[in-house]
Amino acid sequence: MGQKPITFFRQVLALCSYPDLLEDSKFPEDAKSRARRILQACGGGSLGAYSTSQGIEIIRQDVARYIERRDGGIPCDPDNIYLSIGASDAIVTMLKLLVSGEGMSRTGVMISIPQYPLYSAALAELGAVQISYYLEEDNCWSLDINELRRALQEAKKHCSPRALCIINPGNPTGQVQSRQCIEDVIRFAATENLFLMSDEVYQDNVYADGCKFHSFKKVLFEMGPEYSEKVELASFHSTSKCYMGECGFRGGYMEVVNLDPEVKVQLTKLVSVRLCPPVPGQALLDVVVNPPQPDEPSYDTFIKERTETLATLAEKANMTQEILNQVPGIKCNPVQGAMYSFPRIHLPPKAILEAKVESACTQFNLISVLFMDISKGEKGQSPDMFYCMKLLEETGICLVPGSGFGQRDGTYHFRMTILPSKEKLKIVLAKIKEFHQHFTDQYS
Amino acid sequence: MYRLQLLAARSLIAGALDQFTPLTLTSSLTGVRHKSQGPSVEKYGQMRFSTAEAKVSAGRLDGKMREKSLTMDTLNPQVKAVEYAVRGPIVIKAVEIERCLEEGGTKPFSEVIKANIGDAHAMGQQPITFLRQVVALCTFPELMNSPSFPEDAKWRARRILQGCGGYSLGSYSASQGIEYIRKDIAAFIEQRDGVPSNWENIYLTTGASDGIMTILRLLVSGKDSSRTGVMIPIPQYPLYSAAISEMDAVQVNYYLDEDNCWALDINELYRAYQAAKQHCQPRVICIINPGNPTGQVQSKKCIEEVLHFAYEENLFVMSDEVYQDNVYAPDCQFHSFKKVLYEMGPEYFNSVELASFHSTSKGYTGECGFRGGYMEVINMDPEVKVQLVKLLSVRLCPPLAGQAAMDVIVNPPQPDEPSFKQFHQEKSSVLGALAEKAKLTEQILNAVPGIKCNPVQGAMYAFPRIFIPPKAVEEAKALGMQPDMLYCLRLLEEKGICVVPGSGFGQKDGTYHFRMTILPSTEKLKVLLGKVRDFHISFLKEYSALE
C-alpha cells in the first residue's frame with residue numbers, strides 16, 4: 001500500500017545478496033559491517049547456502065540480545081530461538097507438536113474470537129479442536145478471564161484443552177492487552193496446565209495513549225519462579241509488520257520457554273525436514289534486531305524513517321476510528337495497535353435475509369470457499385460477506401467480512417487495514433460511509 | 001591398543017540413533033540433557049548406555065514433579081515418527097566435533113569435511129553473478145542508477161518489481177506467486193519440452209520440498225485399508241518418508257535396481273503396488289529424476305512405462321526434477337515427465353495427473369538459502385485445484401527473493417545480451433566441475449576393495465555400496481544401530497568425513513551404503529576420497545581380524 005522499506009535494511013540485504021557491493025562507496029560502513037558479519041556466518045560466505053535448521057547461530061544470538069534489551073534484561077537463551085518462515089510457519093509448527101489424542105483426549109486449542117484465521121485454518125488442517133473464547137467488544141476487545149474459564153470448562157467435556165493462543169496487539173481487533181490481563185492469562189495457563197502461544201508480531205504497532213506492549217515473556221518472569229519455571233510459552237515475531245512491513249521476505253522467529261527437553265529435540269528434528277528458513281529473511285531479521293545505533297552513520301536516516309512510518313500509522317489509526325464512528329450504524333472500537341480496524345456494522349434485517357437466500361456456494365468460487373463463516377460453517381452467505389461483496393462491486397473497495405475472523409452470533413463486522421496512504425484512506429473511509437448509508441436505506 | 005580405542009569409541013557411538021527403524025521412546029530409558037546456556041546437542045531420542053551421561057530434566061531438580069502440557073506423551077505421534085537422516089545424528093555429531101576442534105581440541109584430522117548435504121555454496125561453489133545482480137537490484141532499486149549493473153539485469157529486475165505490490169520485494173505476492181514469474185516459468189517449460197504450458201498450472205513454492213509436501217497433503221485421506229498409499233523409490237530422499245510419517249500415510253516402497261545402475265524396473269513397481277493394495281489404497285507414485293541419492297537418469301522408455309503404469313492404475317504422479325540440469329553421463333539425457341507424457345498422446349496427456357517439481361537449490365545455481373521453487377500441476381480436478389489454492393493461501397506466499405531467483409533461472413541471459421558471456425562461462429564452469437567430480441568419485445571409489453559405486457549419471461551424490469564384515473554388523477546390532485551408521489560414525493570420528501548412512505535413505509535388506517556429495521572442491525574431494533579409501537581398508541582389516 002505504498003509504505004517505503006527502511007533504507008538501511010535493504011542496503012544490508014543488497015550487500016549480502018551481491019557482496020561485490022562491499023566495494024561500493026555509496027554504501028555506509030555500518031551496513032557493510034553487518035553484511036560482512038552475516039555472510040561470515042553463512043556456509044561458504046553465501047546467502048545461498050542452507051543454514052542450520054534452527055537458523056544462523058549469530059542471528060539467534062542477536063535475537064536473544066534484542067529480547068533481553070526489550071524485556072529489561074530478563075535472560076534469553078539463543079538456543080530457545082527458532083527462526084522461521086514468517087511467524088505463520090512457527091505457529092503452525094508449534095500447533096503441529098501439540099495435536100494428539102482421539103475423541104475426548106483430542107487436543108483442544110483456545111483461540112480468541114475474533115482471531116487471525118491462520119489459527120482456525122491450522123487447527124482445521126491438523127484436526128485439532130478449536131476452543132473459541134470471545135473478546136469483549138464492549139470493553140475495547142479486552143480479554144475477560146471469566147470468559148476464558150467458561151470456554152475451557154465447556155471444552156473439557158469433549159476434548160483435552162492443551163494450549164491457549166493470544167494475539168497481542170490483536171488482529172483483527174487491534175487491542176493492546178493490559179499488563180494485568182496478561183498476568184491473569186498466565187495465571188490461568190499455569191493453573192489449567194495450558195501451553196501459551198503469544199503472537200506478538202505487532203509489538204511495535206502501539207498507538208493509543210495509555211497502552212503499552214508487554215511481552216508475555218517479560219510478564220511471566222516478573223511473576224516469579226513459581227510461574228517462570230513452569231509455564232510453557234512460545235512467543236512469535238515477524239519482519240512483516242511493525243515499521244518494517246517486509247512481508248515478502250518471510251522473516252520471523254519464535255522463542256520457546258520451558259519446553260520439555262525431549263520435545264525440544266523433536267521440534268528441532270521436525271524443522272530439519274524443511275531444511276531452513278529463507279536466508280535473506282534471516283539476514284533481514286538480524287538487522288531488525290540489530291539496527292543502527294546512535295553513534296553509527298545510518299542512525300539518523302533510520303530513526304527518521306522508522307518514526308515517520310509509525311507516526312503515520314498512529315495518525316491513520318486515529319483517523320479511521322474517528323471517521324467510522326461518525327457513520328450511523330457503524331461503531332468502531334479504538335484502534336489501539338496493529339494495522340486494522342474491525343468496526344461493528346449494523347445490517348438491516350432485510351439485508352440479512354437476502355444474504356442467506358443468496359447462496360454463494362451454488363457458484364463454487366474461491367472467495368466463498370475462503371470466507372465461509374468459520375464460526376458457523378453454514379452454507380449460504382454470511383450477511384457481512386454479502387455486505388462486503390456489495391461494497392466491492394459498488395465502490396471497488398476490498399475488505400474482509402468479520403465472519404472470516406469470527407464474531408458473536410448476530411453481530412457483523414468487517415476488517416480493513418489502515419495501510420493505504422492518508423489521502424487514499426480518507427477516500428476509502430468516505431466511500432464506506434456513503435456506501436453504508438446507501439446500503440442501510442436500500443434494505444430498510 | 002586398537003581394541004581399547006574401539007571400546008572407548010562405543011560410548012560415543014552409543015549415542016547414535018538406529019536410523020531406519022524409529023525407536024519407541026520410553027522416558028525411563030531416554031537420557032535427557034539438562035537445560036543449559038551452552039550449545040545443546042540434540043540427539044533424536046536415543047538409548048544411552050553410559051550411566052555417566054544420565055541427566056536430569058530441569059523441572060525435577062527440587063524433587064517435585066512439574067507437569068507440562070506438552071510432553072512426549074502428549075506430543076503428536078506423527079511428529080515422533082518423522083526421521084530425516086540428512087540432518088540427523090551423524091551431522092549433529094559432526095558439528096560437535098567441529099566445535100571441539102575450534103576450541104582447540106585434538107583429533108586425528110584438522111577439519112571435518114561435510115559431504116552430507118546437497119549444499120553447493122557451503123562447499124565453495126560460487127553463485128551465478130547475474131542472478132545475484134538481479135536479486136540485489138530487486139532488493140535495493142536505487143542500484144538501478146548504478147553503472148556497475150548491466151542493462152539486462154536491470155530490465156529483469158524492473159519487470160519483477162512491476163509484478164510486486166508497491167514495486168517492492170517486501171510485499172506479499174499472490175499465493176501462487178508473481179504472475180509474471182509464473183508466465184516466465186511456463187515459457188521456459190515450453191521451450192524446454194516443446195509442449196504447451198499453462199501459467200495457471202504453475203505454483204511458486206518455498207523450495208521444492210514445500211510443493212511436494214503440499215501435494216502430498218492433498219492426497220492423504222481414508223482409513224485403514226483405504227488409507228492413502230504413497231509409492232516411493234528405495235533408496236529415496238528422506239523428505240518423502242518424513243512427509244509420509246508426518247501425514248500418517250502409508251509408505252509403499254519400490255526398489256530401484258542397483259545392479260542395473262539404479263534403474264526403475266516396471267515389474268518391481270507392479271509387485272510393490274499389488275502388495276500394497278492388500279493394506280492400503282495406493283494413490284500416488286513419486287519419482288526423483290535425476291535420482292537422489294542414486295544419481296541415475298531414467299531413460300525415456302522407463303519414464304513411459306511409469307506413466308503407463310500410473311495411467312492404468314489411476315495414480316497421481318509426482319516427478320521431482322530438481323536435478324534436471326545435473327546430468328553428466330554422456331549417454332544420458334534428461335526427459336521431463338511432462339514431455340514424455342505429451343509424446344504418449346492425448347489419451348495420456350489429457351488424463352494422467354502429474355505434478356512436476358523444480359528448485360533454485362540445485363542445478364548450476366545452488367541457491368539453497370533462497371528457498372525458491374515451483375511446481376507445474378496438470379490434469380488436476382478443478383475443484384481440487386481450488387482447494388489447493390486455498391491451502392496455499394494460508395501461508396500467504398513463498399519468499400519473494402526466492403521467486404526472483406527462480407525467475408532468473410527460467411529467464412537467463414540470451415546470446416544477444418550483455419551478460420550472456422559471463423553467465424555462460426560461469427554455468428559451464430560449475431557444471432563442468434560437477435561432471436568431473438562425478439567421474440572422479442566413481443573411479444576412486446570403485447578402486448577400493450569392498451566398495452562398489454554405480455556411475456554417477458546425474459544429481460550431486462554418490463551412493464556406493466559398502467561391504468561391511470559380519471563382525472561389524474554384529475557389533476552394530478549390539479549397539480542398537482544400523483551397520484552403516486556404525487561405519488559412518490567411525491569414519492567421522494577417525495577421519496573427520498561426514499557422510500550419511502544408506503539406512504537413512506532405504507536400501508535392500510542386508511546391503512549397506514552411504515551417500516556422499518560430490519560438492520567439495522576437486523582438491524578436497526580427492527582428500528576425502530583418499531581418506532574414505534584408507535578408512536575402508538582398515539575397517540575391513542579390523543573386523544576380519546576379530547575372532
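Reply: Let's start with Arg395(B), which counts as partly exposed at 26% relative accessibility (buried is under 20%, exposed over 50% and partly exposed in between, with a 1.4 Å probe and protein chains only). This is a predicted model, where local features need pLDDT of at least 70 and side-chain atom pairs pLDDT 80 or more, while totals for chains, interfaces and linings use all residues. Residues are numbered from 1 along each chain as written, chains are lettered from A and ligands numbered from 1 in the order written, and side-chain values use heavy atoms, without hydrogens or water.

The side chain of Arg395(B) meets that of Asp89(A) in a salt bridge, N to O at 3.3 Å (a side-chain nitrogen of Lys or Arg within 4 Å of a carboxyl oxygen of Asp or Glu). This pair crosses between chains: Arg395(B) sits in the loop between helix H13 (382-393) and helix H14 (400-410) of chain B, and Asp89(A) belongs to helix H4 (residues 86-98) of chain A. Helices (H or I, at least four residues) and strands (E, at least two) are DSSP runs numbered from the N terminus.

Arg250(A) is buried but has no salt bridge, and the nearest side chain of opposite charge is Asp89(A), 8.4 Å away. Here Lys and Arg count as positive, Asp and Glu as negative, and His and the chain ends are left out. What does the side chain of Arg250(A) reach at 3.1 Å? That is the backbone oxygen of Cys397(B). Setting aside residues up to four places away in sequence, Arg250(A) touches residues of both chains, among them Ser88(A), Pro278(A), Tyr172(B), Arg395(B) and Pro398(B) (contact means heavy atoms within 4.5 Å).

The structure holds 42 salt bridges over all chains. Glu417(B) forms one with Arg156(B), the closest N and O atoms being 2.8 Å apart. This pair links distant parts of the chain, 261 residues apart: Glu417(B) lies in the loop between H14 and helix H15 (420-446), and Arg156(B) in helix H5 (residues 151-162) of chain B. Both partners are buried, Glu417(B) with a relative accessible area of 18% and Arg156(B) with 3%.

Lys339(B) and Glu343(B) also meet in a salt bridge, at 3.9 Å from N to O. About one helical turn separates these two, because they are 4 residues apart in helix H11 (residues 337-343) of chain B. Lys339(B) is partly exposed at 22%, as is Glu343(B) at 41%. In chain A, salt bridges with shared partners join Arg179(A), Glu183(A), Asp184(A), Arg187(A), Lys218(A) and Glu222(A) into one network.

In chain B, Arg371(B) has a positive phi near 55°, lies in the loop between strand S7 (354-359) and strand S8 (372-378), and is buried at 3%.

How values were computed
A polar contact is a pair of N or O atoms within 3.5 Å; within protein, one must be able to donate a hydrogen and the other to accept it, and residues adjacent in sequence count only if both atoms are side-chain atoms.
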